[in-house]
Amino acid sequence: MRVIGVDPGLTRCGLGVVDVAPNRTATLVGVGVVGSSHVLTLDARLLVIAEAIDQWLDAFKPDVLAIERVFAQTNLSTVMGVAQVSGVVMVAAARRGIPVAMHTPSEVKAAVTGNGRADKASVTAMVTRLLRLSEPPKPADAADALALAIAHAWRSGSAFSPASAGTTAAQQLWRDAETKSKVQKNKEKPGATWH
């Protein structure tokens, strides 16, 4: 499975693409950071990020996009910028039919390090180790994007075919129930109408 992880930010937006094999081995495909200058207007900054996201999605063709879920911070302008970038990224994925998954920072830290309260240095160290890199990805936004991609693949279990070795009957029943639940939720969502 190919996953693109996005650590959303208006000044720096981390992007990381990994391929995850059925045995959970993750391989780096691409990593980078898109930046927008604070001297630009908000719409111009969002356009810079939108165009970069479009290029990454078209170039790497991920199976899924994992993005950090916006959580409450004391700095309202930071939260707004992250939320706006998240919206731009999710729309770009939706236009291509790429599923979007959102994960909180503590979910990502727990999946990658085993500790939901791990610091950035620990996350970066584990990403470096898991991807078998000779040096840590920089800046931290890039490492965080890679951690999101790895965490999604591992948490979702969708990198692994149901028939793969090691899948128990209980695990398959859980996956079937989860899929059925998602289908039911989608049927219950009302469509938007204009009057």
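Glu68 is buried, because its relative accessible area is 19% and buried means under 20% (exposed is over 50%, partly exposed in between, with a 1.4 Å probe and protein chains only). Keep in mind that this is a predicted model, where local features need pLDDT of at least 70, side-chain atom pairs count only at pLDDT 80 or more, and totals for chains, interfaces and linings use all residues. Residues are numbered from 1 along each chain as its sequence is written, and side-chain values use heavy atoms, leaving out hydrogens and water.

So what is Glu68 in contact with, once neighbours within four places in sequence are left aside? Val6, Asp7, Pro8, Ser86, His103, Pro105 and Leu148, where contact means heavy atoms within 4.5 Å. UniProt, in an unreviewed entry, lists Glu68 under "binding site"; such annotations may be inferred rather than shown by experiment.

Now step back to the strand. Glu68 sits in strand S4, which covers residues 64-68 (strands are DSSP runs of E, at least two residues; helices are runs of H or I, at least four). S4 belongs to an open, mixed sheet of 5 strands, ordered S3-S2-S1-S4-S5. The edges are S3 (26-35) and S5 (100-103), each pairing on one side only; pairing takes at least two DSSP bridges. On average, neighbouring strands here are turned by 20° against each other, direction ignored.

S4 and S5 run parallel over 4 bridges, with Leu65 opposite Val100 in S5. Helix H5 (residues 140-156) packs on this sheet, touching S1, S2, S3, S4 and S5. Its direction makes about 40° with that of S2, using axes fitted to C-alpha atoms (for helices, over the stretch in contact) and angles from 0 to 180 degrees between N-to-C directions.
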